[in-house]
Amino acid sequence: MESVQAIKQRFGIIGNDIKLNRAIEKSIQVAPTDISVLVTGESGVGKESIPKIIHSLSHRKHGKYIAVNCGAIPEGTIDSELFGHEKGAFTGATSTRSGYFEVADGGTIFLDEVGELPLTTQVRLLRVLENGEFIKVGSSKVQKTDVRIVAATNVNMFEAIKKEKFREDLYYRLSTVEINLPPLRERKDDIHLLFRKFASDFAQKYKMPSIRLQEDAIQILLKHRWSGNIRQLRNVAEQVSVLEQDRSISASTLISYLPNAGSNLPAVIDNTKTDSDFSNEREILYKVLFDMKSDLNDLKKLTLELMRNDNNEKVQKENQGLIQKIYRDEEVTTYEETQDASTETLTIQQTPQIPVQTPIIQDDKYHFAEEIEEEETLSLHDKELELIKKSLERNKGKRKAAAAELGISERTLYRKIKQYDL
Ligand SMILES: Nc1ncnc2c1ncn2[C@@H]1O[C@H](COP(=O)(O)OP(=O)(O)OP(=O)(O)O)[C@@H](O)[C@H]1O
Ligand SMILES: [Mg+2]
């Protein structure tokens, strides 16, 4: 049996962490069997190596290895991708096609992001796991296949089961053995080791001397939360390697590459979210906050306009004080110059119920965020939903473009779509 060390070398896995070693050891042990394995761990911890190790140490190693990202395949085509389809099964099915389960007969299929599988596909998957049977889309013929399944997820499967997004029976069938990979922040001794390895790889790639961290920079590296885990560490190592002329890196230089290092930005607390969700969500929250800010300023403009246009002299007088109060907000002092573009929107007849004591919205996002009350944060979800919907519409449903526009990853967008049932 190959040793853990040899496997690490063969698959380019860096680190000596005890939990990492345990995960590799478990992979070596289950490899020769046909047991289904579920690989768990946060985003970027290195889950993708595990199914490769298992396949290459199994009797299936000469068979096919197919990795499927369940989160990236549209719901409408996933059954056909996995199980194939008959000619004429749906518009565009001009010929019969074999799915991955047929092609990988005798091999291994890695179902990445398995938590994203639609419920109907989960039923088909359960069947193939239980007796190796599947049916092509649009066919009635039962086919047999012999495939070993390794699945991976970075979401909490119990939550998904509770929300009835994932079948409990399938979960137990998939996770006969669970292999968990620890987050980077729990692998303190590996952090600098990994950084040095990445720095040396990038030095070679870009033909420059390797960067080196000064002592205080190493301390920063160890203290950081690394919400994106090894993927994030690698990105930081690459950026610093490419952009810094001085190859000796100080703490302050390193900090400038770490998002949110040392800041006390407000965060949404939700135990079901992974750390990478937090940074993505923070981005989306800022967008929402700025959107709300501009809505509020629009409302103020509208109020001003309505008050000004009131022909009743008595009301005009009463309004004077309020107008001055609103004018104190510097945002509105620029109103005169900017109103040309927004005048068409000022045609609402009814006086809206606008609280005049609107808090002054400052450009300082930290300050602004503190002022948001719980009640208002609830409506942030609606705002987020609306923002996502609009962006998807604008981009004709193209998730990649919408994600880019929203400044979030495609994966996060995908989760949001699922979360809001869009
Ligand atoms: N121990 C390690 N040594 C060296 N590189 C690693 C190690 N673990 C992960 N990496 C690298 O980190 C990156 C992220 O790993 P991987 O793609 O396996 O993450 P993941 O756990 O599948 O994340 P996600 O859930 O987001 O898909 C890859 O480039 C991988 O090569
Ligand atoms: Mg992955």
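Visitor: Why does aspartate 190 count as buried?

Guide: In this predicted model, aspartate 190 has a relative accessibility of 2%, and buried means under 20% relative accessible area, with exposed being over 50% and partly exposed in between (1.4 Å probe, protein chains only), so aspartate 190 counts as buried. Residues are numbered from 1 along each chain as its sequence is written, and side-chain values use heavy atoms, with hydrogens and water left out. Because the model is predicted, local features need pLDDT of at least 70 and side-chain atom pairs count only at pLDDT 80 or more, whereas totals for chains, interfaces and linings use all residues.

Visitor: What makes the pair of arginine 187 and aspartate 190 a salt bridge?

Guide: The closest N and O atoms of arginine 187 and aspartate 190 are 3.1 Å apart, and a salt bridge is a side-chain nitrogen of Lys or Arg within 4 Å of a carboxyl oxygen of Asp or Glu, so the pair qualifies. Arginine 187 is buried as well, with a relative accessible area of 2%. The structure holds 19 salt bridges, and Asp34, Arg60 and Asp146 are linked in a network of them.

Visitor: How do you know that lysine 8 has no salt bridge?

Guide: The nearest side chain of opposite charge to lysine 8 is aspartate 190, which is 7.0 Å away, where Lys and Arg count as positive and Asp and Glu as negative, while His and the chain ends are not counted.

Visitor: Why are glutamate 386 and lysine 390 about one helical turn apart?

Guide: Glutamate 386 and lysine 390 are 4 residues apart in helix H18 (residues 374-394), so they are separated by about one helical turn. An α-helix has 3.6 residues a turn, so residues three or four places apart point the same way. Glutamate 386 and lysine 390 form a salt bridge with closest N and O atoms 3.0 Å apart; glutamate 386, at 35% relative accessibility, counts as partly exposed, and lysine 390, at 42%, also counts as partly exposed.

Visitor: What makes arginine 394 count as exposed, and how do you know that glutamate 405 is partly exposed?

Guide: Arginine 394 has 52% relative accessibility and therefore counts as exposed, whereas glutamate 405, with a relative accessible area of 36%, is partly exposed. Glutamate 405 and arginine 394 form a salt bridge in which the closest N and O atoms are 2.8 Å apart. This pair links distant parts of the chain, with glutamate 405 in helix H19 (residues 399-406) and arginine 394 in helix H18, 11 residues apart.

Definitions and conventions
Chains lettered and ligands numbered in written order. Helix = DSSP H or I, 4+ residues; strand = E, 2+ residues; numbered from the N terminus.
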